[in-house]
Amino acid sequence: MTRYTGNRPRGRDESDEQLMLNAGQGDRNAFDELVRRYSSRMVNVAYQVLGDRELAEDVAQETFLRAYKSAARYRQISKFSTWLYTIALNLCRNELRRRKFKTYSLEGMAERDEDSKIRVDIPDEKTQPDLDMERKEAGTLVRQAVEKLPEKFKAPLVLRDIQELTYEEISKILDLPEGTVKSRINRGRMRVKEILKPYYGSESSGGVS
Amino acid sequence: MKCSQVIENLGSYCRHELADTQAHAVEEHIASCPQCMKEYRLMARVMGALGEIEPIEPREDFSLRLSEKIDDWEARKRVFWLGALAGFIRSNRRVLATAATVFVFSLLTSVLVIQRMGSGEDVRLEERMVSPAGITGERGYTGDVVEGIAMEGFGMESFAMREIPQPASTTSDSVYMHYVTGDRPAYPGEEFEDYVYRPVVRTVSGSGQTF
């Protein structure tokens, strides 16, 4: 389930923090190594928060650019990954606020019923026997549901349930107490469940998956 | 455990995040509550699906594009500083000429003062030292007072002030290193991230010993 375990460094085995300190002293290769280790995670976290692939690439690029600009002033006051996630999520937040974030993927698919509950129309592909397809569809569906979450629930949920970070790390990245983080994640999960209930509800009366 | 509490904790239960006692309480409840059992099944599917979200790969040219942006930024930074320096010189010719005159005068005065110090007279000069970015330690003398550290971009606003303490022994020379710690640099994304932080440490003469 965990797919963001971090790539093992190929050519260098210094810690992230050491690489960043080296980058601050002009070692461009050290910074390239950090980009190699974290580019996938940064693109994905931005994609899961913003829901737009192009925008996610731009945010990830900007994240690294800002980190590079600060390399000379970098001090090891926190874990490098935590620091990098903080930059990325701040940029995502700016982006959401600047653009009055519109949902992309669910546009035209999700709409509000009279009782204000979000309805998701699922393409009728459930009869397809391919299990991989079903899994993929489930992943796509839940990702779209996550996109619909308010910002304050979305970021903690993405960091915990998709990026697999610890509560402590999330607490530092979002600068929130751990209790608040846990509460927001729980509420985010409940909202995702409610969004998906019309779809899952019709077929989940059977066994537990 | 009430239904509302159980439902709130279902996600954590599915991810095995609950303490054993809480987990048992949830299990006992859902075993006897059909509605919560239904909610549990739904949550288990949601949590499973969250794990099925396919990660995307950065575009192949991600590193290359980033590298170009970094090169571009470094080139612009060089041009900016050269331009700023040239502009400063152009617009402050008179001031610089005056400063040069004062400098020469001060130099001559210093020579005289050093000559007098050699004769045992207690005369001290103000020392102004500019340290490179990030270095916050400067040499000081017994009794000196560090006026402060200023951040470029904020004018000469001091934010640290500390008197240099007496050395343990005054028998040897009384010059030793003094360290001043400053504020942390801004994080990228913070409002002031584009400012250049260059500590300027200025010591003013105290009532130090003759040396």
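Is Ala49(B) buried or exposed? Select Ala49(B) in your viewer and take a look. Ala49(B) is buried, with a relative accessible area of 3%. Before going on, keep in mind that what you have open is a predicted model.

**Stop 1: around Ala49(B)**

Ala49(B) belongs to helix H3 of chain B. Now show what touches Ala49(B). Setting aside neighbours within four places in sequence, you will find Ala138(A), Gly139(A), Val142(A) and Tyr200(A) in contact with Ala49(B).

**Stop 2: where H8(A) meets H3(B)**

Next, colour H8(A) and helix H3 (residues 34–50) of chain B. Their axes come within 9 Å and cross at roughly 105°. Angles from 65 to 115 degrees count as roughly perpendicular, and H8(A) and H3(B) are therefore roughly perpendicular to each other.

Turn on the side chains here. From H8(A), the residues that meet H3(B) are Arg189(A), Met190(A), Val192(A), Lys193(A), Glu194(A), Leu196(A), Lys197(A) and Tyr200(A). On the H3(B) side, select Glu39(B), Leu42(B), Met43(B), Arg45(B), Val46(B), Met47(B) and Ala49(B). Sort the residues of this contact by type and you get nine nonpolar, no polar and six charged.

**Stop 3: along H8(A) to H7(A)**

The axes of H7(A) and H8(A) come within 9 Å, crossing at roughly 100°. That makes H7(A) roughly perpendicular to H8(A). Tyr167(A), Glu168(A), Ile170(A) and Ser171(A) come from H7(A), and they meet Glu178(A), Val181(A), Lys182(A), Ile185(A) and Arg189(A) of H8(A). The residues in this contact split into four nonpolar, one polar and four charged.

Zoom in on Tyr167(A). What sits over its ring? The charged end of Arg160(A) does, 4.9 Å from the ring centre. Lys182(A) also lies over the face of Tyr167(A), at 5.3 Å from the ring centre.

**Stop 4: H7(A) itself**

Now select residues 167–174 of chain A. How many of the eight residues of helix H7 are buried? Six are, so H7(A) is largely enclosed by the rest of the structure. The buried ones are Tyr167(A), Glu169(A), Ile170(A), Ser171(A), Ile173(A) and Leu174(A). To see what they pack against, show helix H4 (80–99), helix H6 (151–162) and helix H8 (178–200) of chain A. Step just past the end of H7(A) and you reach Asp175(A), which takes a positive phi of about 55°.

**Stop 5: H1(A)**

Jump to helix H1 (residues 16–24) of chain A. Which of its residues are buried? They are Asp16(A), Glu17(A), Leu19(A), Met20(A), Asn22(A) and Ala23(A). What covers them includes helix H2 (28–50), H3 and H4 of chain A. Just after H1(A), look for Gly26(A), where phi is positive at about 95°.

**Stop 6: the aromatic rings**

Show every Phe, Tyr and Trp side chain. Over all chains, the structure holds eight aromatic pairs. For one of them, pick Tyr68(A) and Trp73(B): this pair is edge-to-face, 6.1 Å centre to centre, with 85° between the planes. The pair crosses between chains, joining helix H3 (residues 53–69) of chain A to helix H4 (residues 62–91) of chain B. Tyr68(A) counts as buried at 10% relative accessibility, and Trp73(B) is buried too, with a relative accessible area of 14%.

Then pick Phe80(A) and Trp83(A). Their ring centres are 5.9 Å apart and their planes are at 50°, so this pair is tilted. They sit three residues apart in helix H4 of chain A, and so are separated by about one helical turn. Here is some background: an α-helix has 3.6 residues a turn, so residues three or four places apart point the same way. Phe80(A) is buried, with a relative accessible area of 1%, and Trp83(A) is buried at 6%.

Together with Phe31(A), Phe64(A) and Phe62(B), they form one aromatic cluster.

**Last stop: all of chain B**

Zoom out and show chain B as a cartoon. Follow the chain from the N terminus and the order is α-α-α-α-α-β-β-β-β-β-β. Of the 211 residues in chain B, 31% are buried. Among contacts in chain B between residues at least 6 apart in sequence, 65% join residues at least 24 apart.

Technical notes. Residues are numbered from 1 along each chain as its sequence is written. Chains are lettered from A and ligands numbered from 1 in the order in which they are written. This is a predicted model: local features need pLDDT of at least 70, side-chain atom pairs count only at pLDDT 80 or more; totals for chains, interfaces and linings use all residues. Side-chain values use heavy atoms; hydrogens and water are left out. Buried means under 20% relative accessible area, exposed over 50%, partly exposed in between (1.4 Å probe, protein chains only). Helices (H or I, at least four residues) and strands (E, at least two) are DSSP runs, numbered from the N terminus. Contact means heavy atoms within 4.5 Å. Rings of Phe, Tyr and Trp (its six-membered ring) pair if their centres lie within 6.5 Å; planes under 30 degrees apart count as stacked, over 60 as edge-to-face and the rest as tilted. A charge sits over a ring if NZ of Lys or CZ of Arg is within 6 Å of the ring centre and within 35 degrees of the ring normal. Axes are lines fitted to C-alpha atoms, for helices over the stretch in contact, and angles run from 0 to 180 degrees between N-to-C directions. Angles under 35 degrees count as roughly parallel, over 145 as roughly antiparallel, 65 to 115 as roughly perpendicular and the rest as oblique. Ala, Val, Leu, Ile, Met, Phe, Trp, Tyr, Cys and Pro count as nonpolar, Asp, Glu, Lys and Arg as charged, and the others, Gly among them, as polar.
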